[in-house]
Amino acid sequence: VQLQASGGGLVQPGGSLRLSCTASGVIVNSRPMAWYRQAPGMQRELVAVITSGGTTDYGDSVKGRFTISRSNAENTVYLQMNSLKPEDTAVYYCRTTNGGMDYWGRGTQVTVSS
């Protein structure tokens, strides 16, 4: 299983970004897929998750601003991030589990700054 995250960058406060996590070795609609983030000096935290059944859940700090979705055709999970704040600055990782194993993609840096 490999997860390839992309789409990070530098954005001004109030702006938007869309992150992508393309999977190989696992079908994204067959497993729970999640986005986590880790800011410098902080613990990694859950941002959003989408279950195999399509149910979504979000961390309290991003509810109403971020949306997780997936494309079965592209075998990719997305994180649409709107109304970004400086405190959203972090490295964002995608994660799944399969066969009792835990898989993490390489992170993508998101920096929110004017």
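1. Basis of the note. The model is predicted, so local features are reported only where pLDDT is at least 70 and side-chain atom pairs count only at pLDDT 80 or more, while totals for chains, interfaces and linings use all residues. Residues are numbered from 1 along each chain as its sequence is written, and side-chain values use heavy atoms, with hydrogens and water left out.

2. Strand S4. Strands here are DSSP runs of E with at least two residues, and helices are runs of H or I with at least four residues, numbered from the N terminus. Strand S4 covers residues 33-38. Because 5 of the 6 residues of S4 are buried, this strand is largely enclosed by the rest of the structure. Buried means under 20% relative accessible area, exposed means over 50%, and partly exposed lies in between (1.4 Å probe, protein chains only).

3. Pairing of S4. Two strands are said to pair if DSSP finds at least two bridges between them. S4 pairs with S5 in the antiparallel sense over 5 bridges, and Ala 34 has Val 49 of S5 as its bridge partner. S4 and S5 form a hairpin with 6 residues between them, and Gly 41 in the turn has a positive phi of about 75 degrees. S4 also pairs with S9, again in the antiparallel sense, over 6 bridges; Gln 38 stands opposite Val 91 in S9.

4. Nonpolar core. A nonpolar core is a set of buried Ala, Val, Leu, Ile, Met, Phe, Trp, Tyr and Cys residues joined through side-chain atoms within 4.5 Å. The largest such core has 27 residues, of which Trp 35, Leu 79, Met 81 and Tyr 92 touch the most other members. At least two residues of this core come from each of S1 (2-6), S3, S4, S5 (45-50), S7 (66-71), S8, S9 and S11. The most is given by S3, with 4 residues.

5. Disulfide. Under the rule that a disulfide is a pair of cysteine sulfur atoms within 2.5 Å, the count is 1 disulfide. Cys 21 is joined to Cys 94, with an S to S distance of 2.2 Å. Cys 21 belongs to strand S3 (residues 17-24) and Cys 94 to strand S9 (residues 90-98), so the pair ties together parts that are 73 residues apart in sequence. The torsion about the S-S bond is about 70 degrees, and the disulfide is therefore right-handed. Both Cys 21 and Cys 94 are buried.

6. Salt bridges of Arg 37. A salt bridge is a side-chain nitrogen of Lys or Arg within 4 Å of a carboxyl oxygen of Asp or Glu; the whole structure holds 5 salt bridges. Arg 37 forms one with Glu 45, the closest N and O atoms being 2.6 Å apart, and another with Asp 88 at 2.9 Å, N to O. Arg 37 lies in S4 and Asp 88 in the loop between S8 (76-81) and S9, so this pair ties together parts that are 51 residues apart in sequence. Arg 37 is buried, with a relative accessible area of 5%, and Asp 88 is buried at 1%, whereas Glu 45 is partly exposed at 34%.

7. Further salt bridges. Lys 63 forms a salt bridge with Asp 60, the closest N and O atoms being 3.2 Å apart. Lys 63 is partly exposed at 47% relative accessibility, and Asp 60 is exposed at 67%. Salt bridges that share partners join Arg 37, Glu 45, Arg 65 and Asp 88 into one network.

8. Thr 108. This residue lies in strand S11 (residues 108-112) and counts as buried at 10% relative accessibility. The side chain of Thr 108 reaches the backbone nitrogen of Gly 8 at 3.1 Å. Contact means heavy atoms within 4.5 Å. Apart from residues up to four places away in sequence, Thr 108 touches Ala 5, Ser 6, Gly 7, Gly 8, Leu 19, Ala 90, Val 91 and Tyr 92.

9. Asn 98. This residue is in strand S9 and is partly exposed, with a relative accessible area of 26%. Leaving aside neighbours within four places in sequence, Asn 98 is in contact with Val 1, Gly 25, Val 26, Arg 31 and Tyr 103. Asn 98 and Ser 30 are 68 residues apart in sequence and 9.3 Å apart in space, C-alpha to C-alpha.

Methods. Polar contact = N/O pair within 3.5 Å; in protein donor to acceptor, adjacent residues only side chain to side chain.
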